[in-house]
Every structure is written in structure tokens, then in C-alpha cells.
Amino acid sequence: MAENSPIYAPFFGVMGAASAIIFSALGAAYGTAKSGTGIAAMSVMRPELIMKSIIPVVMAGIIAIYGLVVAVLIAGGLESSNYTLYKGFVHLGAGLAVGFSGLAAGFAIGIVGDAGVRGTAQQPRLFVGMILILIFAEVLGLYGLIVAIYLYTK
């Protein structure tokens, strides 16, 4: 191994891949669970709105896909020879970027989705506003994905 490729360098890349999927999946799970409870509570009184109210759950699931994409990219870039410490740190940063932004986006989607579907059951005009807020919450995860892909290509 070269001087700039210590044996522990791939550890940081592996931690980046793990961070990407773990934190984004945590955000997606929270978003799904939180908005799912809102859907369940709303559907008792308005069962015809169940399919319309499933949008926050789908958006939360997309957050996990962002983390999966980055984790697969990082894992594919791991090779035992010539993996520099620089590349390991960059991969760790990419994984943390998409992971933590996915966690934040999942929390936002869950809270907005829960309150939004409950409110939509009472006032249907609230639906468009809920969708707009969910889009702004989703884009937080997308920002993390963009930064992660940009870091990965360095």
C-alpha cells in the first residue's frame, strides 16, 4: 500500500455508505410511521380519502431511495487497492450529507403529512397547501443527494 492509502482508509468509505442508508432510512421510516398514523386516524371518519392521503408515505419512501443510491455508489467505489484516505473522507462526507438531510426531510414529511391528512379530512381545500409543504420538505433530501453526488465525483 502507498503512503496515502493506509489499510484503514476504506473504513471511512464504508461508514459513508452505511451512514447514507441508515440515516435516510430512519427519516423515511419516521415519515412513513408518523403520516401513517395520521392516515389511520383520518380514515375512520373519511375512508374515501385514504388513497389521496397516501402521498406523504410515498414521498417519505423516496427519501430512502436517495440514501440507497448514494450507498450503492460509494460501495461500488470501494476497492481494496489504491483507496486513498482522501477518497474515504469524501465518501464519508457524501454519506453523511445525504443521510442527515434525509433524516431531516423524513421528520418534516412525517409531521406535515400527519397534520395535513388530518386537516384535509376536515377541510379539503387544505390538500394543495399540504402538497406544497411536502414538496418543500422533500427537496431538503434532494439537496443532500445533490451534494452527495457532487462530493462522490471528486
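**Helix packing and selected residues in the predicted model**

Over residues 92-151 the chain is 95% helix and 0% strand, with end C-alpha atoms 10 Å apart. The model described here is a predicted one. Residues 92-151 form one part of a UniProt annotation, "domain: V-ATPase proteolipid subunit C-like", from an unreviewed entry; the other part given by the record is residues 15-74. Over residues 15-74 the chain is 85% helix and 0% strand, and the end C-alpha atoms are 10 Å apart.

The UniProt record, again an unreviewed entry, also places the feature "transmembrane region" at residues 12-33, 54-78, 90-114 and 126-152. Two of these spans were examined for secondary structure. Residues 90-114 are 100% helix and 0% strand, and 36 Å separates the end C-alpha atoms of the span. Residues 126-152 are likewise 100% helix and 0% strand, and here the end C-alpha atoms lie 40 Å apart.

The arrangement of the helices was then considered pair by pair. Two packed helices are described by the angle between their axes and the distance between the axes. For α1 and α2, the angle is about 175° and the axes are 8 Å apart. An angle over 145 degrees counts as roughly antiparallel, so α1 is roughly antiparallel to α2. The residues in the contact of α1 with α2 comprise 16 nonpolar, 8 polar and no charged residues.

Helix α2 (residues 55-76) packs against helix α3 (residues 85-122) at an angle of about 175°, and their axes are 9 Å apart. α2 is therefore roughly antiparallel to α3. On the α2 side the contact is made by Pro56, Met59, Ala60, Ile63, Tyr66, Gly67, Val70 and Ile74. These meet His91, Ala94, Gly95, Val98, Gly102, Ala105, Ile109, Gly113 and Val117 of α3. By class, the contact of α2 with α3 consists of 12 nonpolar, 5 polar and no charged residues.

For α3 and α4, the axes come within 8 Å and cross at roughly 175°. This makes α3 roughly antiparallel to α4. The contact of α3 with α4 holds 21 nonpolar, 9 polar and 1 charged residues.

The largest nonpolar core has 26 residues, of which Ile63, Val70, Val98, Ile109, Met130 and Leu134 touch the most other members. The elements giving two or more residues to this core are α1 (9-45), α2, α3 and α4 (126-152). Apart from neighbours within four places in sequence, Val70 is in contact with Ala20, Ala94, Gly95, Val98, Leu145 and Ala148.

Several individual residues were also examined. Glu138 is in helix α4. With a relative accessible area of 8%, below the 20% cut-off, Glu138 is buried. Residues up to four places away in sequence aside, Glu138 touches Met59, Ala60, Ile62, Ile63, Tyr66 and Ile109. Ile63 and Ile109 also belong to the largest nonpolar core. Between Glu138 and Ile62, 76 residues apart in sequence, the C-alpha to C-alpha distance is 8.4 Å.

Asp114 is located in helix α3. The relative accessibility of Asp114 is 10%, and Asp114 therefore counts as buried. Setting aside neighbours within four places in sequence, the contacts of Asp114 are Lys34, Ser35, Thr37 and Gly38.

Tyr152 is found in helix α4, and counts as partly exposed at 24% relative accessibility. Not counting residues up to four places away in sequence, Tyr152 touches Leu73, Ile74, Gly77, Val90, His91 and Ala94. Ile74, His91 and Ala94 are also among the residues listed in the contact of α2 with α3.

Tyr86 lies in helix α3 and, at 54% relative accessibility, counts as exposed. The C-alpha atom of Tyr86 is 8.2 Å from that of Ala9, a residue 77 residues apart from Tyr86 along the chain.

Note on methods:
Residues numbered from 1 in each chain as written. Predicted model: local features only at pLDDT ≥ 70, side-chain atom pairs only at ≥ 80, totals over all residues. Heavy atoms only, no water. UniProt positions renumbered as here; feature names shortened; annotations may be inferred. Helix = DSSP H or I, 4+ residues; strand = E, 2+ residues; numbered from the N terminus. Axes fitted to C-alpha atoms, helices over the stretch in contact; angles between N-to-C directions. Parallel < 35°, antiparallel > 145°, perpendicular 65-115°, else oblique. Contact = heavy atoms within 4.5 Å. Nonpolar A, V, L, I, M, F, W, Y, C, P; charged D, E, K, R; others polar. Core = buried A, V, L, I, M, F, W, Y, C linked by side-chain atoms within 4.5 Å. Buried < 20%, exposed > 50% of the residue type's maximum accessible area, 1.4 Å probe, protein only.
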